[in-house]
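Thanks for coming. Please have a look at the structure on the screen, and then I will go through one part of it.

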Amino acid sequence: MSAIEADERGLLLSCPKCGQRNRMTYEALGKVFRCGKCQTELRPPAEPVDVESDLVFDALIRRSALPVLVDFWAPWCGPCKMVAPEFVKVARESAGHLVVAKVNTENLPNLSARFRITAIPTMVVFRNGVAVARQAGAMPAPEIRKFTETAR
């Protein structure tokens, strides 16, 4: 489970200094955020964000100031398990420039149908709510980064 949660308004994360929960609004991603309690600068999300609902997914891809790389996956999928650590690497290396999100196709089948996900893993880059690039299959972090750079 990710330490970062997503809701309809933004990403929720705890301050590393005081533990206060803070919201990074989607529209302001890429800007500097400070803890509301102690004013410590909060680092941009550096791990994949688990998307738990269609509503949260739509808010994230439509309102994010940064491009969103979505990994459509399923828990029973061997290649999905193999590529998961590669998405973690991409999230760390792209923090502040790209949001990496994960959608479990078993839990959110409507999204799979809506975006015609017929093979997993499938990754899609969204900008302003529009899918701008799509690739099926597992690949290492350097290839994922290259794929996202062509879509920016």
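I will start with the sheet, then go to the helices on it, and end with the aromatic rings.

First, the ground rules. This is a predicted model, where local features need pLDDT of at least 70 and side-chain atom pairs count only at pLDDT 80 or more, while totals for chains, interfaces and linings use all residues. Residues are numbered from 1 along each chain as its sequence is written, and side-chain values use heavy atoms, with hydrogens and water left out.

Now the sheet. It is open and has five strands in the order S6-S8-S7-S9-S10, with mixed pairing. Strands here are DSSP E runs of at least two residues, and helices are H or I runs of at least four, numbered from the N terminus. Two strands pair if DSSP finds at least two bridges between them. At the edges are strand S6 (49–51) and strand S10 (130–136), each pairing on one side only. On average, neighbouring strands are turned by 25 degrees against each other, direction ignored. As background, strands of a sheet pair through backbone hydrogen bonds, either parallel or antiparallel. S7 and strand S8 (residues 99–104) take the parallel sense, over six bridges. Val-68, for instance, has Val-99 in S8 as its bridge partner.

Next, the helices. H1 lies across S6, S7, S8 and S9, and runs at about 150 degrees to S7. Axes are lines fitted to C-alpha atoms, for helices over the stretch in contact, and angles run from 0 to 180 degrees between N-to-C directions. Helix H4 (residues 141–151) also packs on the sheet, where it touches S7, S9 and S10, and its direction makes about 30 degrees with that of S9. Contact means heavy atoms within 4.5 Å.

Last, the rings. How many aromatic pairs does a search of the whole structure find? It finds five. Rings of Phe, Tyr and Trp (its six-membered ring) pair if their centres lie within 6.5 Å; planes under 30 degrees apart are stacked, over 60 edge-to-face, and the rest tilted. Phe-57 and Phe-72 form a tilted pair, 6.2 Å centre to centre with 55 degrees between the planes. Phe-57 is in helix H1 (residues 54–63) and Phe-72 in strand S7 (residues 68–73), so this pair ties together parts 15 residues apart in sequence. Phe-57 is buried (under 20% relative accessible area; exposed is over 50%, partly exposed in between, with a 1.4 Å probe and protein chains only), at 0%. Phe-72 is buried too, also at 0%.

Phe-72 and Phe-115 have ring centres 6.3 Å apart and planes at 45 degrees, so that pair is tilted. Phe-57, Phe-72, Phe-115 and Phe-126 form one aromatic cluster.
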